[in-house]
Amino acid sequence: MRRYELAPSILSANFAKLGDSIAAVERGGADLIHIDVMDGHFVPNITIGPLIVRAARASTALPLDVHLMIENPDRFLEDFVKAGSDMISVHVEASTHLDRTVQRIQELGNKAGVVLNPATPLGLLDEIIPAVDYILLMSVNPGFAAQKFIETVKTKISRLRALLDRVNPECRIEVDGGIGLHNVEEIARLGAEMFVAGSAVFNTEDPEVTSRLFKAKLANLET
Ligand code: DX5
Ligand code: ZN
């Protein structure tokens, strides 16, 4: 049986009340806190660094899922781990020595994830799959919250699930971008297990209630 996890992305949270925002989704049943790190080079936006990871660490015991959308991620791995990350994912498009990067994340005691942009083929994962803990498939072009889910990613999720079942069944699939209450069940049925949701959680009147609605939909699929 699959274990489905909700990972609200704080990119859409109220940063003036970050602790309250995190506490609300935690009460609503969130499993992970997704933190989007952007450098203005790899993606056309600048967001969060280790300081905010540290602040998030102080306000929750939930695992912190750090998504690095930065060039040269190796330079900053230790800073994020020291700040309190539990999982770190790096883009294949931004990593020259991906195997070394994945090993380093694991040596530092975090789970290691590899991320693919929507147009990046699954074939680039062939050699790294046995070494990683999770694959994050982008279902929007990274850089901004509240974009539309790219439909072609659906077949990519099913194809990845089939590949992982053969090669590394322990490896989990996370999907990020354009996920809401309207499509989360469909995406889960394709084989994804971790669901990032930013605007669909935090841009609602009550993120706690919305998180609970997400979890209820996913719980139905688990039975
Ligand atoms: C996009 C980020 C996402 C973003 C998702 O570059 O990686 O995690 O916060 O936002 P929504 O859920 O609003 O599409
Ligand atoms: Zn993300």
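**Zinc site, ligand contacts and cores**

Modeller: In this predicted model, an N or O atom in the side chain of histidine 67 lies 3.3 Å from an oxygen atom of ligand 1.

Biologist: Which residues coordinate the zinc ion (ligand 2)?

Modeller: The coordinating atoms are at 2.0 to 2.3 Å from the zinc ion (ligand 2). The sequence spacing of the donor residues is H-x1-D-x30-H-x108-D. Histidine 67, whose side chain has an N or O atom 3.3 Å from an oxygen atom of ligand 1, belongs to this set through ND1.

Biologist: What is the geometry of the site of the zinc ion (ligand 2)?

Modeller: Ideal angles for six octahedral donors are 90 or 180 degrees. At the zinc ion (ligand 2), the angles among the six donor atoms run from 69 to 168 degrees. The site is classed as octahedral.

Biologist: How many residues apart in sequence are the parts that histidine 34 and histidine 67 tie together?

Modeller: Histidine 34 belongs to strand 2 (residues 33-38) and histidine 67 to strand 3 (residues 64-69), so the pair links parts of the chain whose separation in sequence is 33 residues.

Biologist: Which residues are closest to ligand 1?

Modeller: Ligand 1 is surrounded by 20 residues. A backbone N or O atom of alanine 146 is 2.8 Å from an oxygen atom of ligand 1, and a polar backbone atom of glycine 198 is also 2.8 Å from an oxygen atom of this ligand.

Biologist: Which residues have the most contacts inside the largest nonpolar core?

Modeller: The largest nonpolar core has 59 residues, and helix 5 (residues 153-167) supplies its largest share, five residues. Another core, of six residues, lies apart from it and includes Ala7, Met87, Tyr134 and Val196. Not counting residues up to four places away in sequence, leucine 160 touches Leu122, Leu125, Ile129, Ile135, Leu137 and Ile173. The residues with the most contacts inside the largest core are Ile35, Leu125 and Leu160.

Biologist: With the side chain of which residue does the side chain of asparagine 117 make a polar contact?

Modeller: Asparagine 117 sits in the loop between strand 5 (111-116) and strand 6 (134-138), and is buried at 14% relative accessible area. Setting aside residues up to four places away in sequence, asparagine 117 touches Phe42, His91, Glu93, Met138, Pro142 and Lys156. The polar contact of its side chain, at 3.4 Å, is with the side chain of histidine 91.

Biologist: What is the relative accessibility of isoleucine 52?

Modeller: Isoleucine 52 is part of helix 2 (residues 50-59). Apart from neighbours within four places in sequence, it is in contact with Ile10, Phe15 and Leu18. Isoleucine 52 counts as partly exposed, its relative accessibility being 26%.

Note on methods: Residues are numbered from 1 along each chain as its sequence is written. Chains are lettered from A and ligands numbered from 1 in the order in which they are written. This is a predicted model: local features need pLDDT of at least 70, side-chain atom pairs count only at pLDDT 80 or more; totals for chains, interfaces and linings use all residues. Side-chain values use heavy atoms; hydrogens and water are left out. Donors are N, O and S atoms within 2.8 Å of the metal (3.2 Å for Na, K and Ca); water is not among the atoms, so sites may look incomplete. Four donors count as tetrahedral if all angles lie between 85 and 135 degrees; four count as square planar and six as octahedral if opposite donors are over 155 degrees apart and all others between 65 and 115; anything else is irregular. Helices (H or I, at least four residues) and strands (E, at least two) are DSSP runs, numbered from the N terminus. A nonpolar core is a set of buried Ala, Val, Leu, Ile, Met, Phe, Trp, Tyr and Cys residues joined through side-chain atoms within 4.5 Å. Buried means under 20% relative accessible area, exposed over 50%, partly exposed in between (1.4 Å probe, protein chains only). Contact means heavy atoms within 4.5 Å. A residue is near a molecule or strand if one of its heavy atoms lies within 4 Å of it. A polar contact is a pair of N or O atoms within 3.5 Å; within protein, one must be able to donate a hydrogen and the other to accept it, and residues adjacent in sequence count only if both atoms are side-chain atoms.
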